[in-house]
Amino acid sequence: MGEFFAEYGFAMLWVAVVAIAAVVEAETCDLVAVWFIPGALISMILAICGLEFWIQAVVFVAISAAILTLFFTVFKKRIPKKEKAKTNADSLVGAQGIVEDEIDNVHETGSVKIRGLVWSARSTDDSVKIPSGSVILVREIAGVKLICEPKENA
């Protein structure tokens, strides 16, 4: 058994690097460790062939760095970006609601009911008052206030 590890110890080290990188990648799914797998596999072959450990390590670093660089310069542009997950409030942008209390930016009043909840609201235009019962569209969120405009203007 000792002879096996003496002969293939560094190869087992590279197998362990592959396994750890694969587990980390499987857990995160964020392309954080996949770069090390090809370098470790080639270094494992070099270890089986009996090359010195420093050569294996240099090859591991060089191949991992080359694959990482190649990915970020060539392939990264082709991978679709993840959309930022919308929070409850963010999902209201573009939604319709009913004005509960007249929206008047000058007097800083107004509320809107959307999806059964009442929110403080302001108009997109300071000169426009939106009367109670009007249908509005939410254009943005500023702090805890919905910035709205009358639906007929949208």
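**Surface, fold and side-chain pairs of the predicted model**

The protein chain exposes about 10200 Å², and carbon and sulfur atoms supply 64% of it. Accessible areas come from the Shrake-Rupley method with a 1.4 Å probe; for residues, only the protein chains shown count as cover. This is a predicted model, in which local features need pLDDT of at least 70, side-chain atom pairs count only at pLDDT 80 or more, and totals for chains, interfaces and linings use all residues. Residues are numbered from 1 along each chain as its sequence is written, and side-chain values use heavy atoms, with hydrogens and water left out.

The protein chain contains three helices and five strands. Helices (H or I, at least four residues) and strands (E, at least two) are DSSP runs, numbered from the N terminus. The order from the N terminus on is α-α-α-β-β-β-β-β. Of the 154 residues in the protein chain, 27% are buried. Buried means under 20% relative accessible area, exposed over 50%, and partly exposed in between (1.4 Å probe, protein chains only). A contact means heavy atoms within 4.5 Å. Among contacts between residues at least 6 apart in sequence, 47% join residues at least 24 apart.

Seven aromatic pairs were found in the whole structure. Rings of Phe, Tyr and Trp (its six-membered ring) pair if their centres lie within 6.5 Å; planes under 30 degrees apart count as stacked, over 60 as edge-to-face and the rest as tilted. Trp-14 and Phe-60 form a tilted pair, 5.0 Å centre to centre, with 40 degrees between the planes. Trp-14 lies in helix 1 (residues 2–28) and Phe-60 in helix 3 (residues 53–75), so the pair ties together parts that are 46 residues apart in sequence. Both Trp-14 and Phe-60 are buried. Phe-71 and Phe-72 form an edge-to-face pair, at 5.2 Å centre to centre and 85 degrees between the planes. Phe-71 is buried, at 10% relative accessible area, whereas Phe-72 is partly exposed at 44%. One aromatic cluster is formed by Phe-10, Trp-14, Phe-36, Phe-53 and Phe-60.

The whole structure holds two salt bridges. A salt bridge is a side-chain nitrogen of Lys or Arg within 4 Å of a carboxyl oxygen of Asp or Glu. Lys-129 pairs with Asp-104, the closest N and O atoms being 3.7 Å apart. Lys-129 sits in the loop between strand 3 (117–123) and strand 4 (135–142), and Asp-104 in strand 1 (residues 96–104), 25 residues apart. Asp-104 is buried at 4%. Glu-149 pairs with Arg-139, with 3.1 Å between the closest N and O atoms.
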